[in-house]
Amino acid sequence: MRLFRRQSVLGALLLCIFSVPAVAQTTNVALNQSASASTADLSANNAIDGDANTRWASAAQTDPSSLTVDLGQAYELSQVVIDWEAANADTYEIRASNDGSQWDTLASRSGGAFGERTDTLSVNGTYRYVRMFGISRSAGNYWGYSIWEFRVFGSEPTQNTDCGTGCIQELDGDTARARVTEGDVVDIHYRVNGGAQQNVRMGQNGSGWYYDINGLSMGDVLTYHFTIITGGVGQSTGEQSHIFAANGSSRSSSESSSSQSSSQQSSHSSSSANLGEIVPLYDDSTTQEPVVQYETDTALITRFADRARDRHAKEDHFQAYDHYLSFYWEDRTAGIEIIDEVAKGGDTVRMNVRTQFKLSDTEAENRWFYRGVGTVAEYCDNGTMVVENNLNYHKERRYNCREGRPIQIGDKLEFEISQFLDASVPNGRANYYGTTYLYIVGEGLVPWDVGGSTPAGGVKDSVKIPQSAWLGGETTIHAATSGETDNHFMQMATNLSYDNGQPFMLGRRVLHTSFVDGRHDEKPIENPVFNELSGLAGPHYTNDSCASCHNRNGRAAPAAVGEPLDKWSFLVADAAGNPHPALGRVLQPLARNGAQSEGEVKIGSWSEQNGLRSPNFQFAGVTPERFSARIAPNLVGIGLLEAIPESAILAQADPNDADGNGISGRANRILDPQSGDTRLGRFGWKAGTVSVEHQLASALNKDIGVMTSVLPQPDCGANQSDCGSSGAELADNHLADLVKYTSLLGVRPQRDYNDPGVQQGEALFDNVGCAGCHTPTHQTSQHYPLAELRDQTIHPYTDMLLHDMGPGLADNLGEGQASGAEWRTAPLWGLGLSACVTGGVTNPTGQQGDEVCTPEGSYLHDGRARTIEEAILWHGGEGLAAKNSYQALSGTEKRNLIRFLESL
C-alpha cells in the first residue's frame, strides 16, 4: 500500500534550502547491485534500482526488519542516504560487513517521525555488505519498513605502494606478507573478513620483520595493526584494511578501528554508538604493552609472571597458599616464558625463568606433570632447572611422564616453580613455593579446578574450567582449593604479563600501607615501614590506608550502631548542592597536624519494614543539608571494566526509554581532571570518576587526604583554613603501581556451572529482567594498554549505566549528571564470595587448617541488605518490574536464581 505521493514540489524546495553539508564526491556504489531483506512484501531490489517510484516494503508490524545490499566488492564508504516512504523507522542502525556474518555498526539514528523523509548518515570503513537494521517503527506506523531508495556512497580503496612503517605486500598465489621496517619486537594483530583476531609475533629477515598470511582468496579483506616494541616500550599503529587482489596489486586504506573492533564483541554489546562529546580513554594511538601470548613459525610463546607462595594450591589442610608473606615485593616475583614447539609440529616444550634474586644451587625446582600420588603436591617430573646465570634458568622436555609418551598437543602440563632463594637474600625467608598453573600444550594457560583421579591413581586432578565460566576472561584465576575463603579477591591475574609481576607487588604494598605511620597492615613486625608514604595522610582524612576500608580488596561492612563509620565515604553539600562551606565535598572525621575534625557520622538506629532495613545516620558536629553515604565496594575486576569501549556502553543507554521496557539507562559524563576532556563516568556508586587512576586518586584525596598529580588540591570548604597546602604528595610511580595492582587483580571463575539448579537460575535471571541492567557479557577494547585486559570476553553483569532505583534507595545528593535516585549498575562477579571476604575467617580450634568463613553480607551502596534477596527486594524505579517478577516466582525458582547469583 502506497501511503503518500513521492514528494511535493514544496518538499523538494525545502530540501534544496535546508540541504545537508556537502561531502567528498563519491559514487552510489549500491545502484543496481544485489539486495536482500529479512522480509519483503515488495522486492528488496526496488530500493537500489535508481527508480524513485519503486520501493522495498517489509512485512507488516515486524520488528526488527532489515534491508541488505551486496556491493559486489569492498568500498571505502563515506555516506548512506535513505529515502523513506511514510512507513519509516523510529530507531535503526547502519551495519556493515565483509563476510556477511560479522557485522559492525557504523551509525545509528533514533527519534524518527512518521512520514516521508530523507536521512543522510556519515559512515566510514571499507566494507562489501551494508545493512539497514530497523529496530523500532515510528509512532503511528502500523505497517512495516518502506524505503524508496537506499543509496550507499563510496569509492575504490586507494592504492598504497609505500610500505612506510608497516604494510601488506602480496606474494604469488594465496599469500599476503606483512612487513615492518623498524622495532626490536613486532606483533601483528589481524582478521580475515571480520573473523577472529589473530595475535602473532612476526619473524625477522634482512629487511625488518615479516609474517605471511596464507590461504587467501581474491576479495578477502584483511584488517590489521602492528604493535612495535622499541626499547621495551610498545606503540600500536592505527588499524588498516587491505583487499587481497591475488595479482600483486596492493589495495589498502586507513580504517576506523572503533568500527572494526565491535565485530568481536558479544551479542550483549555488539552495537556501537555515537560518542557525542565523550572522548574515549583509549584509541588506536594508545601505547600498548607487549602481548602475553603470540606465535612464531616454530612455537607458541607465552610470557607471564609468578609470585612466591607459602604452600601448595590444593593443600586445604594447610590453608596457606592465597595469602601474601613478608617482603613479597622484594626478590619474590619471576618472569616465565613457555616456548611450546609441539604446538607448531615440533617435539619440545621449554620454560625459561627469570628471577629477581639468585636461586639455591641445589633447589631451583620446576615441577611438571601432576600425579597427586601420596600428596596433593606430587609431580612425576620434579627436576631442577638448568642454571644459565644467577637470575636465569630453564627446563626443556620432550617426554610426558604422566602419560608415558612424548608430549603432544592437548596434554595437561600442570607445573609449579619453587623460588628456593639463595640463603644470602637480604630480607625474609629464603624458601618459597610458586603458583600452580595448568598449561594446555598447543593452547596456553587456562583456569583450572580439581576433579577425578590422575592416570597414576592420584587425587585432585586438574581440569580446565569451561570458558563460559571465565568471568574475567583470561585474567580468571583457578578455583579456590586451598580453603582460604577470605582471600578470594587478592590474587593476581592468571595472565599477569612477564614484566608486571613487580609493579603488581609494589602497588599492593602501597594499598596495604598506612599513610600516617608507613606501617604495613600485614605482618607489621616483619614488614618494614614504608618511609616514603609515612606522614602523607591529612590534615583531614577518613582512614589511613586503602586496605582499611577495602577489607582484603572486598566490601566494607556497616559498623555497629553507635560506632564511627570509618570505612564509608560521605559526600556532602549545602542546600543548593554546592560543596559544603564547612566540610568541602566529603566529610573527613579524622584530623592531624593541628587541624580540626570535621565531625563524625554513626548509625544511630535501623528502620525496618517488611524485613528490609535502612540506616538512620547521626552527625556529630555539622549536619550537612545534603549527603550521600557510600560504603567501600569490591576492587576486583575494575581494570576490565575500564577496558570496555565507550561505544559498547553507550549503545545500551536508553535515556528516554524508547523501547518502552521501563529501563532508561543513562551515562554519566565527567570531566577528566587531567585533560579536561568529557569522559564516560565509570567508577564509584554514581559513576563519578572516569578511570581507575581517577578513582584511586579521588579516594586518596578525599578519604586519606593524600594529594596526587591527578588531584593536587585538598578537599576543603570555603570556610575552612586548616586543609593543608596543594601539590602532589604521592610520587607518580607509586600511583602508577597502585593502578596496575588494582587493575590486574584476577577474577575468580563461576562455580557450580554444571548444577541444574544454577543453570535454571541463570535462565530465570534473564527471564525476570535482571539482565536488562546487569548485562552479562562484554568485550574489552583491542586498544587497551595492558595486554592482560585487552580484547577479552568478560562476564561482569553490569551495563555501567545509571538507573533510577526508586525512592527507597534514593538520597538527596547527585554527582555529575546523576540524580540522588540514580545509581550505577553494580557488577555481580564475586557476589557469592564477597560475604566471606568481608566477614573474614575464624578458627574455633586454633589448629592449622581449621579456619572457617564468618560471612557478613553488606550489599547495596550503604550495606543495608544483609542477603542477596534483600538487595533484590530493595529494587524500585527501573528495577521494580524485575523485583516483581522475582517475587512471582515459586520458592524453588527463587532459590535457584539466588544459587545462580551465588555462583558468580
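Mentor: Happy to. Gln-750 sits in the loop between α8 (732–743) and α9 (756–767); helices here are DSSP runs of H or I with at least four residues, strands are E runs of at least two, and both are numbered from the N terminus. This is a predicted model, where local features need pLDDT of at least 70, side-chain atom pairs count only at pLDDT 80 or more, and totals for chains, interfaces and linings use all residues. Residues are numbered from 1 along each chain as its sequence is written, and side-chain values use heavy atoms, leaving out hydrogens and water.

Trainee: Is Gln-750 buried or exposed?

Mentor: Gln-750 is buried, because its relative accessible area is 8%. Buried means under 20%, exposed over 50%, and partly exposed in between, with a 1.4 Å probe and protein chains only.

Trainee: Which side chain does Gln-750 join in a polar contact?

Mentor: That of Ser-903, at 3.0 Å. A polar contact is a pair of N or O atoms within 3.5 Å; within protein, one must be able to donate a hydrogen and the other to accept it, and residues adjacent in sequence count only if both atoms are side-chain atoms.

Trainee: Okay, on to α13. Which of its residues are buried?

Mentor: Asn-896, Leu-897, Ile-898, Phe-900, Leu-901 and Ser-903. The buried residues of α13 pack against α9, α11 (868–873) and α12 (880–887), with contact meaning heavy atoms within 4.5 Å.

Trainee: New topic: where is Trp-143?

Mentor: Trp-143 is in the loop between β7 (117–137) and β8 (146–155). Trp-143 counts as partly exposed because its relative accessibility is 33%.
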